[in-house]
Each structure stands twice: as C-alpha cells, then as structure tokens.
Amino acid sequence: MIRRMKLGPSALILEPWALSKRRPPPATPNWSPYVGARVEDHKPLTGRTIRRMRRRNAVLNDLALTAVGITPKDHVLEIGYGPGEALAEASKMAKNGFAAGIDRSMEMLQIAWKRTQKAKAKNVSVLRGDVSWLPWSQCSFDKMFCVDGVTEWPCTRSGLEEAFRVLKPGGVLILAEYITPKFTKAKALALAHLLTVVGFQDLEVHIAPNRRTEVLVLKAVRS
Ligand SMILES: C[S@@+](CC[C@H](N)C(=O)[O-])C[C@H]1O[C@@H](n2cnc3c(N)ncnc32)[C@H](O)[C@@H]1O
C-alpha cells in the first residue's frame with residue numbers, strides 16, 4: 001500500500017541537500033534552489049557556438065575518454081558535459097554500469113537530454129548543477145572526467161574537493177584542457193599541484209601538441 005504523506009515546506013525532497021546531512025550554502029542572488037548550485041548569468045549560446053564547441057572539443061573528448069579507461073561495469077561522472085557527446089560515448093562504454101553528467105547550463109541540459117533520448121541510452125542521467133555542490137553521496141563513482149571546463153569553475157579547489165568526495169578510493173579523475181594564453185602551462189602545473197593538495201595521488205601530466213596549440217591531459221587517482 002502506498003501511504004501518502006503530507007509534505008510540509010521543510011520537506012522539499014527535490015533539493016539535493018535534503019538527501020545529505022550537509023547544509024546548503026547561504027542564498028546568494030545567483031543561487032538556484034532547484035539545482036542546488038550557483039547559476040552564472042551568461043548570454044544564451046547560439047547553435048553556431050554549440051557546433052563550434054563540438055568540433056573544437058572532439059579531439060580533447062577522445063583523449064579524455066581514452067585516458068579515463070572506462071570499463072563496462074564502471075559508474076562514471078562527467079562534469080560540464082556541454083552538448084553531451086562524450087557523456088553519450090561514456091554511457092556506451094559503461095554498458096553494464098552507469099554514466100551521469102552535471103552541467104550548470106540549462107541549454108546544455110536540454111541538448112544533452114535530447115541526445116541521450118535519441119541514443120535510447122537507459123544507463124545515463126543528465127543533471128543541472130554546479131561542480132562545487134555535487135548531489136551524490138561520497139564514493140559514488142569509479143571514474144570522472146571534465147573536458148574544457150575546469151577553467152570555468154567558480155572555485156577550482158571546492159570543485160576538486162567535491163570530485164574527491166564522490167570518487168571511490170582508487171577512482172580516476174581526468175581533466176583535459178587546451179593550453180591557451182589564459183590557461184598557460186604554469187597554470188596547468190598549479191592545477192596539478194592543487195590536485196595533490198586536495199588529496200589526489202599518482203598524478204600524470206601529459207602536454208601534447210595539437211594543431212596550433214597544445215593540449216593538457218591530467219590524470220589523478222583518489223587516495
Ligand atoms: C567549454 S564547455 C565544454 C563542454 C564539453 N565538455 C565539451 O567538451 O564539448 C564547458 C562546459 O562546462 C560547464 N560548466 C562550467 N562551469 C561549470 C560548473 N561550475 N559546474 C558545472 N558545469 C560547469 C559549462 O556550462 C559548459 O557546458
């Protein structure tokens with residue numbers, strides 16, 4: 001028998017923190033109670049921008065998927081899935097496991113949702129939210145990756161701490177980025193150092209030439 005319970009205003013079970021013992025951060029103007037995350041204001045992306053992002057990041061997505069080494073039973077998380085190309089691929093690779101993605105953009109959520117529906121993938125879920133507040137309990141994932149996204153995180157350290165929390169011990173994190181005048185090699189090395197500060201170990205830093213620029217693939221293992 002299904003018992004209907006009266007839910008008062010304090011029982012908003014859709015909010016991610018309702019499932020955890022942690023309290024939500026204080027409300028700020030760009031805090032969204034629905035996604036449990038900070039939502040940055042940004043201009044709506046045009047179809048052209050999204051197509052360009054897909055083309056531009058195809059190589060980086062391939063590198064990240066190869067480096068993360070997904071096996072069929074893995075539970076995988078992608079942070080900042082964008083149009084959802086790599087997430088759809090990850091769900092195929094983890095065919096007996098699960099692939100989840102979180103992105104702060106509502107537009108990306110809609111695009112990636114359509115993509116997963118089209119692919120009839122049942123082992124994938126897309127969420128809207130921020131890396132600084134991941135709505136999963138600790139040790140939920142075996143593998144995690146983020147492609148061309150870490151430079152956009154509002155706070156790199158809290159994002160990495162969350163990644164550490166939701167990864168299982170021995171779980172693998174891949175961060176793939178382009179080396180640019182803004183994200184220089186020095187910053188890439190600072191990011192690698194921050195990973196060790198947060199508690200990751202067995203760091204591998206690969207910087208390889210790619211067309212007119214260079215790409216960074218950072219691999220770290222959760223201790
Ligand atoms: C440049 S796009 C790359 C998208 C995708 N990974 C790809 O390679 O095509 C960066 C993505 O990260 C997302 N993002 C940026 N900051 C984020 C944050 N703090 N939490 C979650 N997603 C974030 C953006 O919404 C955007 O979709």
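## Helix packing and the ligand shell

The buried residues of H4 pack against strand E3 (75–79), E6, E7 and helix H5 (185–198). Contact here means that the C-beta atoms of two residues, placed from the backbone, lie within 7 Å. Helices (H or I, at least four residues) and strands (E, at least two) are DSSP runs, numbered from the N terminus.

This is a predicted model: local features need pLDDT of at least 70, side-chain atom pairs count only at pLDDT 80 or more, and totals for chains, interfaces and linings use all residues. Residue numbers start from 1 along each chain as its sequence is written.

**Overall fold.** The protein has five helices and nine strands. From the N terminus on, the elements run β-β-α-β-α-β-α-β-β-α-β-α-β-β. Of its 223 residues, 37% count as buried. A residue is buried if 20 or more other C-beta atoms lie within 10 Å of its own, exposed if 12 or fewer, and partly exposed in between; the C-beta atoms are placed from the backbone. Among contacts in the protein with a separation of 6 or more, 67% join residues 24 or more positions apart.

**Helix H4.** H4 covers residues 156–166. Its buried residues are Thr156, Gly159, Leu160, Glu162, Ala163 and Val166. They cover an arc of only 160° around the axis, which puts them on the same side of H4. The arc is that of the directions from the helix axis to the C-beta atoms. An α-helix has 3.6 residues a turn, so residues three or four places apart point the same way.

**Helix H5.** In H5, Leu191, Leu195 and Val198 are buried. They cover an arc of only 70° around the axis, which puts them on the same side of H5. These buried residues pack against H4, E7, strand E8 (200–210) and E9. The face turned away from the buried side carries the exposed residues Lys185, Ala186, Ala190, His193 and Val197. Just after H5, Gly199 takes a positive phi of about 125°.

**Helix H1.** H1 (47–68) bends by about 50° at Asn57. The bend is the angle between axes fitted to the seven residues ending at a residue and the seven starting there. In H1, Asn57, Asn61, Leu63, Ala64, Leu65 and Val68 are buried. Their cover includes helix H2 (85–93), strand E6 (141–147), strand E7 (167–179) and strand E9 (213–222). Just after H1, Gly69 takes a positive phi of about 60°.

**Ligand shell.** There are 23 residues around the ligand, and Asn57, Gly80, Gly82, Ser105 and Gly149 come nearest. A residue is near a molecule if its C-beta atom, placed from the backbone, lies within 6 Å of it. H1 and strand E4 (98–103) each supply at least two residues of the shell. H1 gives the largest share, four residues. By class, the shell has 10 nonpolar, six polar and seven charged residues. Ala, Val, Leu, Ile, Met, Phe, Trp, Tyr, Cys and Pro count as nonpolar, Asp, Glu, Lys and Arg as charged, and the others, Gly among them, as polar.

**Thr180.** Thr180 lies in the loop between E7 and H5. Thr180 counts as exposed because it has 11 C-beta neighbours inside 10 Å. Thr180 and Glu214 are 34 residues apart in sequence, yet 7.9 Å apart in space, C-alpha to C-alpha.
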